[in-house]
Structures are given as C-alpha cells and as structure tokens.
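Thanks for asking me to look this over. Here are my notes, point by point, to read alongside the model.

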Amino acid sequence: MAGLIEELMNILERENEEYQKLLEISKVKTGVIIKNDIQELSKIIEEEQAVVGRITPLDKKRVECTNDIATVINRKPETLTITRLMELMEGQPKVKKRLAELHDKLHDTMTQMTKVNEMNKGLLQEALDLVNFDINLLNNLKQAPLTANYNKSAYNTETRMESRGAFDTKQ
C-alpha cells in the first residue's frame, strides 16, 4: 500500500505542476482578452489544450491509483478523498504531512484558477455584449424611418422610405 500512496502523491504533484502552468496561461489570456488580440488568443487556447492534454492522463492515473488504494483498504473509491487518506495515515506522519501539503497546494491552485477563469469569463461576456450592441446599432441605422403618408381618408399608411446599405449605389 505504501507504494500506491507514494505513486498517488507523485501523480498529485505532477497534476499540480500542470495546473500551475494552466493558471499562468490563463493569467496571460486575461491580458490578451483585454487587448482584444484574437490571433494571440488563438495561440493561447492551443497552449491550454496542450496542457489539458497532459492533465487528462494524469487524472486517469490518479483515479486508477485511488481505486487501487480503496480496494486494498476495503473502501468505496468514491469516498476516498485526500483528507480521508490523511486520516488513515495517522501512524505515518511524513506521509500525512506530504498529503496535507499536496492537498493545500492543489486547493490553492484551483481557487486561483477559478478566480482567473471567472474574470476571463466576465471579460469575454462584456466583449460579446459590445459586439451584439454594435450589430444591433448597425442594423437599426440601416432601417429607414417611417414616413408620414396619408391616404384619402387621412389614415397613415406607414410606408417606409427606401433604405440602402452603406455600400449600395444606384446605377
């Protein structure tokens, strides 16, 4: 079992390193979103995908290792958390301490990632709202106003003036 726990701790350490890289990329992405640099944003998204591609197999290994540990100690895998594993390691203070450090590192990294991603989400939503506003404004400018056309009975017929696009010309 000691080998499984050591393997789990190594996996958690590597996962945290990859999440730290992802966090740094997300921070850079914030500046790129503010600058509205679409080409640079595309490059950053590719970098993010590469990091996520490295995290996915680590996550799978972590789940497998956790399942193996749960089988050895006769517990359900879904109930085995790092905190619960620390409780089970009361007799091994070095292992418990390292698990606690890994838990805290991962928790801090995830908290920071959540904040940065929420900020990026807000910035992207604002950019999208501005684009939608511009589109609506342009569409409304193209629409011709109503003219005051009355028929013999003095009713407004509400006909619209002819509207042309900005690049339309009469030949």
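**Notes on the predicted model**

1. Let me start with I45, which is partly exposed, with a relative accessible area of 34%. The residue sits in helix α2. Its C-alpha is 8.7 Å from that of I25, and 20 residues separate I45 and I25 in sequence. Please bear in mind throughout that this is a predicted model.

2. The largest nonpolar core has 30 residues, and I5, I69, L85 and L99 are the ones that touch the most other members. Helices α1 (2-35), α2 (38-72), α3 (82-88) and α4 (93-142) each supply at least two residues of this core. Which helix gives the largest share? That is α1, with twelve residues. As general background, nonpolar side chains in soluble globular proteins tend to be buried together.

3. Leaving aside residues up to four places away in sequence, I5 touches I69, L85, M89 and V95.

4. The K29 side chain makes a polar contact with the side chain of E48, at 2.9 Å. Beyond residues up to four places away in sequence, K29 touches L41, I44, E48 and N120.

5. On to charge pairs: the whole structure holds ten salt bridges. One of them joins E18 and R54, with the closest N and O atoms 2.9 Å apart. E18 is in helix α1 and R54 in helix α2, so this pair ties together parts that are 36 residues apart in sequence. E18 is buried, at 9% relative accessible area, whereas R54 is partly exposed, at 37%.

6. Some bridges stay within a helix. D59 and R62 form one, with the closest N and O atoms 2.1 Å apart; the two are three residues apart in helix α2, about one helical turn. D59 is partly exposed at 28% relative accessibility, and R62 is partly exposed at 24%. A network of salt bridges links E15, D59 and R62. In helix α3, R84 and E87 are likewise three residues apart, about one turn, and their side chains meet in a salt bridge at 2.9 Å, N to O.

7. Finally, the surface. F133, L137, L138 and L141 form a nonpolar patch there, with about 440 Å² of accessible area together. Of these, L137 lies in helix α4 and is partly exposed, with a relative accessible area of 41%.

Key
Residues are numbered from 1 along each chain as its sequence is written. This is a predicted model: local features need pLDDT of at least 70, side-chain atom pairs count only at pLDDT 80 or more; totals for chains, interfaces and linings use all residues. Side-chain values use heavy atoms; hydrogens and water are left out. A nonpolar core is a set of buried Ala, Val, Leu, Ile, Met, Phe, Trp, Tyr and Cys residues joined through side-chain atoms within 4.5 Å. Buried means under 20% relative accessible area, exposed over 50%, partly exposed in between (1.4 Å probe, protein chains only). Helices (H or I, at least four residues) and strands (E, at least two) are DSSP runs, numbered from the N terminus. Contact means heavy atoms within 4.5 Å. Patches are made of residues with over 30% relative accessible area and no salt bridge: like charges are joined within 9 Å, nonpolar side chains (Val, Leu, Ile, Met, Phe, Trp, Tyr) within 5 Å. Accessible areas come from the Shrake-Rupley method with a 1.4 Å probe; for residues, only the protein chains shown count as cover. A salt bridge is a side-chain nitrogen of Lys or Arg within 4 Å of a carboxyl oxygen of Asp or Glu. A polar contact is a pair of N or O atoms within 3.5 Å; within protein, one must be able to donate a hydrogen and the other to accept it, and residues adjacent in sequence count only if both atoms are side-chain atoms.
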